[in-house]
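Dear colleague,

I am handing over the structure below, and after it I set out what was found. Please read it with the model open beside you.

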Amino acid sequence: PSPPPPPPYSSSMMEATSLSSLPTYISLPLDEVAARTAALRVVGIAVASGMSVSPPDATFWREAETSPPSPSPSSLPPLQAASLTASSPLPAALPSYTGRHVVAVSVVITTYNRADLLRIAVASVVAQDFPPAALELLVVDDGSPDPAVPMLLDAIEADFDFAARGWRLLREPNRYLGGARNAGARAARGKYLLFMDDDNAAKPYEVSAFVRAAESTGGDVFTSFVDFIWGRDAPAPETNRRYSGRMGSNTVDMEAKARRSPSFVFLGGSVDVGLFKNCFGDANSFFRRSAFLALGGYSEDRQLGYEDWELYTRAAYAGYTLQVVPEALYHYRFTAGSMQKSTSYSRSRKRALRAYTERLQWAQAG
């Protein structure tokens, strides 16, 4: 029999939890890791070569969808992590694009007191090789308290011509990262959501690579490898170069590969590995919007990190497909005063474990 529905979401789940209280049967199946690694290689080849598994047709363009993702999640009920639900009202869809076969993508950038870095992030979205008519940007200001920020945001909105592009700047009360991203998702109109932080810089092919991977595999959630940058300058143009040949071939541009050696290697949706380490991916992520809504979005705890780790675990347990594009598609910036350096690691780590402790509670109740 299926386990009972999860208990109501409450702050009591943040109480101290030791690894010894988790199921003893959780282990690392090496055959699963090997299979996932092989699957990543297939996705990487598709991304690098621009292949599509099925030939494009008139249905390739899809407006914002309300149907469940395919393949359907398992019979286990999705964990409701926040205020978003599958019945949340959908905004009007993006206008249809009749050129190259594409789908609508909404990029959501959350920002807080870092307008200088935000300008670099927005410029990286402008530089995408994806058809502009199928791309929208929503910048969510999470209640920045700096009195200079409103004027700086106005300048960014004007300099990048948000009005002409159909892009939007949402000035929201402070809800912390989970709440800010959820606000952007509620306003988005695309079939897919790409979440970025204001200190990220997308490579020019990030959106198109994610779309190819999603449309070719039918997956629901995607992350990628990353390249790291330091300081507050824009990435050097040469760091955006791609491999010159197919993934795994002998024609790889080794010079570019040396410049783009990621320090994190993510595996995808393995809840076994995810218990001990975030194997799913960074917060820069690509969601099928219907899957994101069905999951309830991010939890909205304040002064805590790892909201992405928690949501990825929930997605994997609910049966959604989470895959990793094995190529660095964006730049992750190390900055002083980042959220990871200003929040409690132990409390954030407990947040990441919530999906596991809830699962354990179901098993004990059954």
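How many aromatic pairs does the count come to? The count comes to 15 aromatic pairs, where rings of Phe, Tyr and Trp (its six-membered ring) pair if their centres lie within 6.5 Å, and planes under 30 degrees apart count as stacked, over 60 as edge-to-face and the rest as tilted. Phe287 and Tyr312 form a stacked pair, with 6.3 Å from centre to centre and 20 degrees between the planes. This pair links distant parts of the chain, since Phe287 lies in strand E7 (residues 285-288) and Tyr312 in helix H10, 25 residues apart; helices (H or I, at least four residues) and strands (E, at least two) are DSSP runs, numbered from the N terminus.

This is a predicted model, in which local features need pLDDT of at least 70 and side-chain atom pairs count only at pLDDT 80 or more, whereas totals for chains, interfaces and linings use all residues. Residues are numbered from 1 along each chain as its sequence is written, and side-chain values use heavy atoms, with hydrogens and water left out.

Phe287 is buried, with a relative accessible area of 0%, and Tyr312 is likewise buried at 0%, where buried means under 20% relative accessible area, exposed over 50% and partly exposed in between (1.4 Å probe, protein chains only). In helix H10 (residues 307-317), 11 of the 11 residues are buried, so this helix is largely enclosed by the rest of the structure.

Phe287 and Tyr312 also belong to one aromatic cluster with Phe195, Phe280, Phe292 and Tyr298.

Best wishes
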